[in-house]
Amino acid sequence: MAEGAWLYILRCADGSYYVGTSRTSLEIRIAQHNDGAFQGYTASRRPVELIFSQWFDQITDAIENERKLKGWSRAKKEALIRGDFASLQQLAKRKSSHPPRRPPGTGSSE
């Protein structure tokens, strides 16, 4: 494991997901989370379970994808975990909660 790193997703005891990266082996990293070595998000949500991992040859790519996944909805993360790329594409489409705007000059002038 020279230059690269793992991107991983853990399921925490409360059912939430944690996304992280690691240059060390995943077995060591999961043990660190479960031993309470990190005081962050997983410290109060143990035990954790590895549910997804992907190796990147460059750590910068792993970190870039970690940041991207942290911004994803739970549904998108679950589609990735399942390997359901069709659903992932559908979920990735931008959905606006606002009605489409009318072009200027089409509204009523009364």
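1. A5 stands opposite F56 in strand 3, and this pairing belongs to an antiparallel arrangement in which strand 1 and strand 3 (residues 49-56) are joined over seven bridges. Two strands are taken to pair if DSSP finds at least two bridges between them, and the elements themselves are DSSP runs, numbered from the N terminus, with helices (H or I) of at least four residues and strands (E) of at least two.

2. On the basis of the model: this is a predicted structure, in which local features need pLDDT of at least 70 and side-chain atom pairs count only at pLDDT 80 or more, whereas totals for chains, interfaces and linings use all residues. Residues are numbered from 1 along each chain as its sequence is written, and side-chain values use heavy atoms, with hydrogens and water left out.

3. Strand 1 also pairs with strand 2, again in the antiparallel sense, over six bridges, and within that pairing Y8 stands opposite G20 of strand 2. The hairpin formed by strand 1 and strand 2 has five residues between the strands, and G15 takes a positive phi near 90° there. Strand 1 (residues 5-11) is mostly covered, five of its seven residues being buried, where buried means under 20% relative accessible area, exposed over 50%, and partly exposed in between, with a 1.4 Å probe and protein chains only.

4. S22 deserves a separate comment. The residue lies in strand 2 (residues 17-22) and counts as buried because its relative accessible area is 2%. Its side chain makes a polar contact of 2.8 Å with the side chain of T24, and a further polar contact, of 3.4 Å, joins the side chains of S22 and R29. A polar contact here is a pair of N or O atoms within 3.5 Å; within protein, one atom must be able to donate a hydrogen and the other to accept it, and residues adjacent in sequence count only if both atoms are side-chain atoms. When residues up to four places away in sequence are not counted, S22 touches A5, W6, Y8 and R29, contact meaning heavy atoms within 4.5 Å.

5. A search of the whole structure finds five salt bridges, each defined as a side-chain nitrogen of Lys or Arg within 4 Å of a carboxyl oxygen of Asp or Glu. One of them is formed by the side chains of R45 and D14, at 3.0 Å from N to O. This pair links distant parts of the chain, 31 residues apart, with R45 in the loop between helix 1 (26-35) and strand 3, and D14 in the loop between strand 1 and strand 2. R45 is partly exposed, with a relative accessible area of 23%, and D14 also counts as partly exposed, at 48%.

6. Another salt bridge joins the side chains of E66 and K70, at 3.1 Å from N to O. Because E66 and K70 are four residues apart in helix 2 (residues 59-70), they are separated by about one helical turn. E66 counts as buried, at 12% relative accessibility, whereas K70 is partly exposed at 45%.

7. The side chains of E78 and R74 likewise meet in a salt bridge, at 3.1 Å from N to O, and both residues lie in helix 3 (residues 74-82), four residues apart, or about one turn of the helix. With a relative accessibility of 25%, E78 counts as partly exposed, and R74 is partly exposed with a relative accessible area of 42%.
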